[in-house]
Amino acid sequence: MVDNPKGILYLVATPIGNLADVTFRAVEVLQGVSLIACEDTRHSRPLLDRYDIDKPLTALHEHNEDAASAKLLEKLKQGESIALISDAGTPLINDPGFPLVRQAVAHGVRVVPVPGACALVAALSASGLSTNRFAFEGFPPRTSSARCTMLEKVVDEARTLIFYESSHRVLDFVRDIAAVFPSHRSIVIARELTKLHETILSCTVDEAVTRIEDDPFMEKGEFVVLLEGASQKSKTELTGEQIRVLKLLLEECSVKTASTLAAKITGSRKELLYQAALRLADKTG
Ligand code: SAM
């Protein structure tokens, strides 16, 4: 008796904006499977139509993931080959699919990646920041206090940091970065990658808020935010918030008193604040 071979689960990357960014292999695989699982069938239809892919679609999204994955696993075990795609980019990268892949692996179903676009990799490769080691942090928390707590935990991370962010929160996120991160750390804001209004803004943390506020388009679209990793030098830099406090105190007090008070208020080292206060007093004096 011949065992019924199991099907294959293909994880197919699709474009992150520019529909031409689909691979030949992705099209072949999507044309060859018996079923395509996608987040939103309406969203995926234009891409599939463009490449003459006429296959049954089934929805797999965050609200039905467990039940839909169980059904798909049964089909795979019965020998059907299925492709998983998401609305954009690589499935499972901040997109549905993890329960299905975990189950498939656990049941000995072959899982085949069909690589392609991924916003974090596209942004990192063009950022000018170190690409040797990086940490992808996904979407930051939604409230400012939770975001600042998260940022405080990663401020001394030496690897390049990568975040996804939505247009509604990008300015608030960058404001929190300016409060927590040293002001001279490099930040890159990659917007609308591969699309008509692609913008890759590269500046220091202390310039970033103004750069976004000054450009109405910088609050529209999809964003990847990248931060330079910490170096030995950055441990001796002050954050935007520390400099703000110091500047306010310098309006009223001497360099010595301002730096002493700023050290008490912000918890930063007095010598660092004193040196910064001297520089600030020099600029304004
Ligand atoms: N699976 C996708 C991938 O491989 O990149 C990510 C999906 S996640 C739900 C969507 C987020 O990815 C967006 O909110 C944005 O932060 C980022 N993103 C997706 N497409 C982008 C693009 N064209 N330009 C910049 N960021 C993008």
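The model is predicted, so local features need pLDDT of at least 70 and side-chain atom pairs count only at pLDDT 80 or more, while totals for chains, interfaces and linings use all residues. Residues are numbered from 1 along each chain as its sequence is written, and side-chain values use heavy atoms, with hydrogens and water left out.

## Domains and the ligand

The domain assignment, which comes from an automatic or database source, gives domain 1 (8–117), domain 2 (120–230) and domain 3 (234–284). The C-alpha centres of domain 1 and domain 3 are 54 Å apart. The ligand lies between domain 1 and domain 2, because both give residues to the shell around it.

That shell holds 19 residues, and the closest are Thr 90, Asp 95, Ala 119, Tyr 164 and Phe 223. By class, the shell has 11 nonpolar, three polar and five charged residues. Here Ala, Val, Leu, Ile, Met, Phe, Trp, Tyr, Cys and Pro count as nonpolar, Asp, Glu, Lys and Arg as charged, and the others, Gly among them, as polar.

Strand 7 (160–166) and strand 10 (222–227) each supply at least two residues of the shell. Strand 10 gives the most, with three residues. Helices (H or I, at least four residues) and strands (E, at least two) are DSSP runs, numbered from the N terminus.

| Residue | Protein atom | Ligand atom | Distance |
|---|---|---|---|
| Asp 95 | side-chain N or O | nitrogen | 2.7 Å |
| Tyr 164 | side-chain N or O | oxygen | 2.7 Å |
| Phe 223 | backbone N or O | oxygen | 2.6 Å |

The protein covers 91% of the 570 Å² of accessible area that the ligand has on its own. Accessible areas come from the Shrake-Rupley method with a 1.4 Å probe.

## Helix 6

Helix 6 (residues 144–154) has Arg 147, Cys 148, Met 150, Leu 151 and Val 154 as its buried residues. They lie on the same side of helix 6, because they cover an arc of only 165° around the axis. The arc is that of the directions from the helix axis to the C-beta atoms. On the other side, Ser 145, Glu 152 and Lys 153 are exposed. Buried means under 20% relative accessible area, exposed over 50%, and partly exposed in between (1.4 Å probe, protein chains only).

## Single residues

Asp 52 is not a glycine, yet has a positive phi of about 50°. Asp 52 sits in the loop between helix 2 (41–50) and strand 3 (57–59), and is exposed at a relative accessible area of 64%.

Thr 194 also has a positive phi, near 70°, in a residue other than glycine. The loop between strand 8 (186–191) and strand 9 (199–204) contains Thr 194, which is partly exposed, with a relative accessible area of 22%.

Ser 44 belongs to helix 2 and is buried, with a relative accessible area of 3%. The C-alpha atoms of Ser 44 and Asp 87 are separated by 6.4 Å, although these residues are 43 residues apart along the chain.

Asn 132 is in the loop between helix 5 (119–127) and strand 6 (134–136). Asn 132 is exposed, at a relative accessible area of 69%.

Conventions:
A residue is near a molecule or strand if one of its heavy atoms lies within 4 Å of it. A polar contact is a pair of N or O atoms within 3.5 Å; within protein, one must be able to donate a hydrogen and the other to accept it, and residues adjacent in sequence count only if both atoms are side-chain atoms.
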